[in-house]
Amino acid sequence: MSTVSFHEYKTDALAQGFDEVIERRWDPDLTIDSHTHPFALKALVVAGEMWLTVGDEVRHLSAGDSFAFALQREVPHAERYGAEGATYWVARRHG
């Protein structure tokens, strides 16, 4: 579990040039096929678990893990969430 509060995470991300910071909650056993986003991002998993696939690399992430690897704007990736779903804080950079 994260020892950082959402407020601290958001403050730090905004200071790093991200322009939006939100909490995302995902349903149990949800699979999201390959897609892209019109923004770069970094995120911190705060509950549950997920598998993030970028190219041939699959990363298993659980509470306390962060991800930003290769998730620049328009990079194709897929997501799969565990039996409890997952919650993460995500900082987005649209510009």
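First a definition: I call something a salt bridge when a side-chain nitrogen of Lys or Arg is within 4 Å of a carboxyl oxygen of Asp or Glu. This is a predicted model, in which local features need pLDDT of at least 70 and side-chain atom pairs count only at pLDDT 80 or more, while totals for chains, interfaces and linings use all residues. Residues are numbered from 1 along each chain as its sequence is written, and side-chain values use heavy atoms, with hydrogens and water left out.

Searching the whole structure gives 3 salt bridges. One of them joins the side chains of Asp12 and Lys42, at 3.8 Å from N to O. Asp12 sits in helix α1, residues 6–15, and Lys42 in strand β3, residues 40–54, so this pair ties together parts that are 30 residues apart in sequence. Helices (H or I, at least four residues) and strands (E, at least two) are DSSP runs, numbered from the N terminus.

How accessible are the partners? Buried here means under 20% relative accessible area, exposed means over 50%, and partly exposed is in between, with a 1.4 Å probe and protein chains only. Lys42 is buried, at 16%, and Asp12 is partly exposed, at 39%.

Another bridge pairs Arg92 with Glu20, at 3.3 Å from N to O. Arg92 belongs to strand β6, residues 77–93, and Glu20 to strand β1, residues 20–26, so parts that are 72 residues apart in sequence are tied together. Arg92 is buried, with a relative accessible area of 13%; Glu20 is partly exposed, at 27%.

There is also a salt bridge between Arg25 and Glu23, 2.9 Å from N to O. Here Arg25 is exposed, at 61%, and Glu23 is partly exposed, at 37%.

Now the cores. By nonpolar core I mean a set of buried Ala, Val, Leu, Ile, Met, Phe, Trp, Tyr and Cys residues joined through side-chain atoms within 4.5 Å. The largest has 16 residues, and Met50, Leu52, Phe67, Tyr81 and Tyr88 have the most contacts inside it. Strands β3 and β6 each supply at least two residues of this core, and β3 gives the most, with 6 residues.

What does Tyr81 touch, leaving out residues up to four places away in sequence? Counting contact as heavy atoms within 4.5 Å, its partners include Trp26, Leu30, Ile32, Met50, Trp51 and Tyr88, and also the acidic residues Asp27, Asp29 and Glu49.
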